[in-house]
Each structure stands twice: as structure tokens, then as C-alpha cells.
Amino acid sequence: MYLFTKDQIELKAYTAGYIDCTIEPFIKDEVYNKFPIEIMEKLWKDGFFKLCIDESYDGLNLDAVSSLIIIQALSRCSGSIGHIVAGINYGIYKVIDLYGTYKQKETYLGYCGDTPNIGALAFNEPDGAGINQIATVAMKENGKYKLVGTKSLITNGAHATFALVLAQVICKGEKQGYAVFVVDIKNNKNVIVGKPEVTMGLKLVETTDLFFDDVILEEKDILGKEDNGFQVLAGAMNFMRLGNAAVALGIAERAFEECKLFCSQRSISGQPMVQMNVIKNKFAEMHADIKIMNTMLYYCASKIEEMDIANVSIVKAFITEKAKEVCDKCMQLFGGNGYVTGSIIERLYRDIRVMTIMGGSTETIIDMVVSEVFEAVS
């Protein structure tokens, strides 16, 4: 088991109390597929968008372990909210903190308005997100860039004020490399926000396509350098994948707790479910899996500066797959009651499914790991 510090234990307790009062009462609205703007405004004002950002930008300046404690706790309440907050923290603000210029940090990290400054990571495209699948281009001419293309299935796209957009830079007809641009979404008529997708789970997350039609950008809009777009994304990938793992673990923990409560009150042929050996064995397996997942997540987070992307990716793949197994076992124990739309376990079961897909699918991660194994052998 991972041994938390006294401060981290206190943070756990504070966060749990905060969520019980602030978020839990409103989660029943999740079935209506509505972005929780009121909750986001509250979380924004209370600093949850800047968990790892320095206090000079009104951030909480938390270490990786402490920030993931919060993400996991949010996800126990709502996988949607946990995913939204994790994406903003690790996919947006952390990236700007690592690679942004002073001006970019002042503009985006230093923003302290009453309304949330929500960012979107626009990386994925209709045909995928591999290095040879980026069709969005930034055509360079006279020191400016004309951005053209489509980004697909973008988290927070419908409510973002700005986006980090990966594009292929083209100058005089020749490919120059990839760059990440900070693009104004809210006030740019050349950016079209698509209709939110109706998704299987994470119903509060309004995922959309973003269309860029001759968006004019300047060199000051580039995050990092003109030819290091993939390096910029890779620099924050460790945090992003641990964020995915924390969300999945939070969902699995909630499923486990709800299942314990249900089975302690349910009987089969007059015998309490929790007294049946087959049920006891399932709970023992799930309890052990959750302990292992917690240890992996927080050990990896405590060593985040030393971890390479391959090892973090393994942790992400393992935790998301195990979390999915836990939710599946809980659904099985709920029986027909869990299969009814609107039940807590039904929501958790739908929410967990995407976690082995987003942020690097399990198959992609395994392929990367196996390639490294045999490369070392050769």
C-alpha cells in the first residue's frame, strides 16, 4: 500500500467533505447529458482548475500525488467531472506551464475572471491521432499562419474559450514539422464548434468536433517551438495518463462501495448475499485489485519526474483495464437491478468503458511496450 503523508490524508478528508456538499447532490442531473456549468464555476473559483500551478498564478501548487487525490475523489462522485477537471489540469494548464512563454502564462494561467477559462486539447482527428494522421495544417506565409482542418471528439470543445491545436506546418509547399497553437475559440468566427456527440457514458462531458476555416495565427500563438508539437504533447503525457488512471480508479472505487452496500442488504433464497462464499471471493478479488491500483497510481505519481512515458503508460493500461473488470463484476452482482437505466451502477458501468480507449488505448500501449521489449532483445 502507498503511505500518504499527514497533509495528503487531511486533503483526502477535506476533498471528500467538499464533494459531498458541493457536487454529490447535483449528480442526478447527469442523465440529461448537460454540461455542469454551475459546478464548473464553483470548482473554478475554488482553484480546482490550477491544482499543479504556482501560487503566483493563483494556483494551488500541489504535487502530483495530491492533485491525483483530488481527481480520484471527484471521479468517485462523477467520472464526467473527474475527467473534465483532469483534462483541464493536465492537458491544458500543465502544458502551458511547461512550454508557454511569459505572455502566454500571464494570459491563460493568470486569468482570474469569474467565469471559468476552459481549454480544450485538440489533437485527435477524424482518421486518428498518429503522427501520419494529422491532416490539420498551418500554412505559413509572411510570418503568419493560416490554420485549416478538423479536430474530432474533443473533450470540453463545446464550452472551451481556447484550444491547444496540433497542426502540420507547411511553408512554400513543404512540410516543416508539427506545432501546437493556442487558438481562441470563443471569439473567432473562423472556428466552428460542432454539435455535441451523444455518448454512451460520461454524459456531462460534451464532446464535439472543431472546424478551423482559415484561422489566422501568429508566431506568438505557438506553444513551444514551431517544430516540436509532439514533444510538447509528450511532455505532459505522463500527467494526462495518470489523470486517466485516477478517473478510472475513482469510478471503480464507487462501484465497489455501492456494490458492498447493495449486497449487504440483498438476499438470495433467504440467504444474505454477503454470506455466500462465491460472493465473498468476488469481493476479496475486487478489494485486492483496488489496493494494487492505488499503490501503482500513487507510487508512479510520487516518481513522476523520473518516470518515462512507457512505464506511465503501462500503469495507465493496467489500472483502466482492472477498473473496468471491477465495474463489470459489480454490475454482475447487482443483477437486473443494475441493468436498469438510472441506477448508480449502470452509470458507472457506462462511464468506465471509455477509460481503456481515451488517452492511449490499451492495445496501442501494449504494442508500444512489446516493441520496446523486442527492441531490447535484438
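**View 1. A lysine and a glutamate pair up along helix 8.** Glu-325 and Lys-322 sit three residues apart, about one turn, in helix 8 (residues 309–334) of this predicted model. Helices here are DSSP runs of H or I with at least four residues, strands are E runs of at least two, and both are numbered from the N terminus. The side chains of Glu-325 and Lys-322 form a salt bridge, with N to O at 3.5 Å. A salt bridge here takes a side-chain nitrogen of Lys or Arg within 4 Å of a carboxyl oxygen of Asp or Glu. Glu-325 has 35% relative accessibility, so it counts as partly exposed. Lys-322 is partly exposed too, at 21%. For these labels, buried is under 20% relative accessible area, exposed is over 50%, and partly exposed is in between (1.4 Å probe, protein chains only). By the salt-bridge rule, the count comes to 13.

*Ground rules for every view.* Residues are numbered from 1 along each chain as its sequence is written, and side-chain values use heavy atoms, with hydrogens and water left out. Because the model is predicted, local features need pLDDT of at least 70 and side-chain atom pairs count only at pLDDT 80 or more, while totals for chains, interfaces and linings use all residues.

View 2. Glu-346 and Arg-350 form a salt bridge whose closest N and O atoms are 2.6 Å apart. The two residues lie in helix 9 (residues 344–353), four places and about one helical turn from each other. Glu-346 is buried, and Arg-350 is as well.

**View 3. Two tyrosines tilt toward each other in helix 1.** The ring centres of Tyr-14 and Tyr-18 are 6.2 Å apart and the planes make 35 degrees, so this pair counts as tilted. Rings of Phe, Tyr and Trp (its six-membered ring) pair if their centres lie within 6.5 Å; planes under 30 degrees apart are stacked, over 60 edge-to-face, and the rest tilted. Tyr-14 and Tyr-18 are four residues apart in helix 1 (residues 6–22), about one helical turn. Tyr-14 is exposed, with a relative accessible area of 54%, whereas Tyr-18 is buried at 9%. Across the whole structure there are 14 aromatic pairs. Elsewhere, ring pairs link Tyr-2, Phe-4 and Tyr-298 into a cluster.

**View 4. Leu-242 in the largest nonpolar core.** This core has 97 residues, and those with the most contacts inside it are Ile-23, Met-40, Leu-43, Ile-81, Leu-242 and Leu-297. A nonpolar core means buried Ala, Val, Leu, Ile, Met, Phe, Trp, Tyr and Cys residues joined through side-chain atoms within 4.5 Å. Helix 6 (residues 229–265) gives the most to this core, namely 18 residues. Setting aside residues up to four places away in sequence, Leu-242 touches Leu-68, Leu-297, Cys-300, Ala-301, Ile-304, Val-312 and Val-315. Contact means heavy atoms within 4.5 Å. A second, separate core has 21 residues, among them Ala-120, Ala-163, Val-169 and Ile-222.

**View 5. Thr-207 is tucked into a loop.** Thr-207 lies in the loop between strand 6 (191–193) and strand 7 (208–218). With 10% relative accessibility, Thr-207 counts as buried. Neighbours within four places in sequence aside, Thr-207 is in contact with Leu-153, Ile-154, Thr-155, Lys-195, Pro-196 and Glu-197.

View 6. Ala-234 belongs to helix 6. It is partly exposed, with a relative accessible area of 46%.

View 7. The secondary structure comes to 10 helices and 10 strands. Buried residues make up 52% of the 378 residues. Of the contacts with a separation of 6 or more, 74% are between residues 24 or more positions apart. The C-alpha atoms fill a box of roughly 80 × 55 × 40 Å along the principal axes.
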